[in-house]
Amino acid sequence: MAKTDDRSTPPPLPAPLAVAVADSHTHLDMQSGTPADGLARAASVGVTTVVQVGCDVPGSRWAAELAAQFEQVHAAVALHPNEAPRIYLGDPDGWSGQQRAAGGQAALDAALAEIDALAALPQVVAVGETGLDYFRTGPEGVEIQKESFRRHIEMAKRHGKALVIHDRDAHEDVIAVLLAEGAPERTVFHCYSGDAEMAKVCAEHGWYLSFAGPVTFKANQPLRDALAVTPLDRVLVETDAPFLTPHPYRGRPNAPYLIPVTVRSMADTLGLHEDELATAIAANTARAFGY
């Protein structure tokens, strides 16, 4: 009999949180099972709200449609930083990893116009994830990413929506663009990956930091140091599911129902009771996304 691959097996349900919280960033469209099932599992352990995040035009449309269907779902819409150069250049290493014909400025403008229309919908609470990602994009894509980022910032401010930041290997440039353009009043760093000094800079500007599974990894003490210096009223939690599953389930499928694992690890880092942290996270998420 073939042995079951443990890495493909979903982790067990954790003990429920006594105080309900929100998963501030998830991708239900990339997870196994139906969204209804995933939302029910999450609710059974005290994760009663999720922000479904789009990364391209079809995914953003899907997010908006899901949020219109489920009261506990709010949508964020955007072109992921890797998607913008893919549209412009036909980059095979973009968000989807699929080659497409280079579309140039007209194609990028058309895609951003669709995101703009979606951002006006009432069930869409945020523009994002947008920002900069230098991990997969070469030098030829940097300026395209920056242009897309600037246009998302303008969009968020014009529609009065939160801005959700994707920042990978681009800390200084992300902050420079935000300061040059003027960050929206409600700005969220998704899956925060900076150090404690950067966290202090973010706090000075009133930006929210959302922590995901990596904050639970043993090697990531600098990330826990960043959490420790973040004002409690600016702390969020997320899964980024199906990615970034928290310890001890790293490498297995992630989903919103695993938020309690990360919350408890964060509470230990901060020396707080999990109920106190959950209460703060619930209020912070509602304030950050305006729901």
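Strands here are DSSP runs of E, at least two residues long, numbered from the N terminus. One of them is β2, which spans residues 47-53 and holds V50. Keep in mind as you look around that this is a predicted model.

**Starting in strand β2**

- V50 counts as buried because its relative accessibility is 1%, and the cut-off for buried is under 20%.
- Leaving out residues up to four places away in sequence, V50 touches D23, T26, L28, L39, Q72, V73, H74 and P256.
- H27 sits 23 residues from V50 along the chain, and the C-alpha atoms of the two are 9.5 Å apart.

**A buried asparagine**

- N82 belongs to the loop that runs between β3 (73-77) and α3 (83-89).
- With a relative accessible area of 1%, N82 is buried.
- The side chain of N82 has a partner too: a polar contact of 3.5 Å joins it to the side chain of Q145.

**Salt bridges**

- The count of salt bridges comes to ten.
- One of them pairs K146 with D173, at 3.7 Å from N to O. This pair ties together distant parts of the chain, since K146 is in helix α5 (residues 139-159) and D173 is in helix α6 (residues 171-181), 27 residues apart.
- R158 and E154 make another salt bridge, and their closest N and O atoms are 2.7 Å apart. The two residues are four apart in helix α5, so about one helical turn separates them.
- Both partners are partly exposed: R158 has a relative accessibility of 46%, and E154 has 39%.
- K200 bridges to E197, with 3.3 Å between the closest N and O atoms. Both lie in helix α7 (residues 196-204), three residues apart, which is about one turn of the helix.
- K200 is partly exposed at 38% relative accessible area, and E197 is partly exposed at 49%.
- Salt bridges with shared partners also join D109, E147 and R151 into one network.

**How α4 and α5 pack**

- Packed helix pairs are described by the angle between their axes and the distance between those axes.
- For helix α4 (residues 104-119) and α5, the angle is about 25° and the axes are 11 Å apart.
- Angles under 35 degrees count as roughly parallel, so α4 and α5 are roughly parallel to each other.
- The crossing of α4 past α5 is right-handed.
- On the α4 side, the contact is made by Q105, L108, D109, L112, I115, D116 and A119. On the α5 side, the residues involved are I144, E147, S148, R151, H152, M155, R158 and H159.

**Around A196**

- Helix α7 also holds A196.
- Apart from neighbours within four places in sequence, A196 is in contact with P222, D225, A226 and V229.
- T230 is 34 residues from A196 along the chain, with 8.1 Å between their C-alpha atoms.

- A cis peptide bond joins G128 and E129, with omega at about 20°. E129 is part of strand β4 (residues 124-133).
- The peptide bond from H247 to P248 is cis as well, with omega near 10°. P248 is in the loop between β8 (235-237) and α9 (259-270).
- D240 is found in the loop between β8 and α9. This residue is not a glycine, yet its phi is positive, at about 55°.
- D169 has a positive phi too, near 55°, and is likewise a residue other than glycine. Its place is the loop between β5 (162-168) and α6.
- Is each of these aspartates buried or exposed? D169 is exposed, with a relative accessible area of 52%, whereas D240 is buried, at 8%.

How values were computed
Residues are numbered from 1 along each chain as its sequence is written. This is a predicted model: local features need pLDDT of at least 70, side-chain atom pairs count only at pLDDT 80 or more; totals for chains, interfaces and linings use all residues. Side-chain values use heavy atoms; hydrogens and water are left out. Buried means under 20% relative accessible area, exposed over 50%, partly exposed in between (1.4 Å probe, protein chains only). A polar contact is a pair of N or O atoms within 3.5 Å; within protein, one must be able to donate a hydrogen and the other to accept it, and residues adjacent in sequence count only if both atoms are side-chain atoms. A salt bridge is a side-chain nitrogen of Lys or Arg within 4 Å of a carboxyl oxygen of Asp or Glu. Axes are lines fitted to C-alpha atoms, for helices over the stretch in contact, and angles run from 0 to 180 degrees between N-to-C directions. Angles under 35 degrees count as roughly parallel, over 145 as roughly antiparallel, 65 to 115 as roughly perpendicular and the rest as oblique. A crossing is left-handed if the near helix is turned anticlockwise from the far one by less than a right angle, and right-handed if clockwise. Contact means heavy atoms within 4.5 Å.
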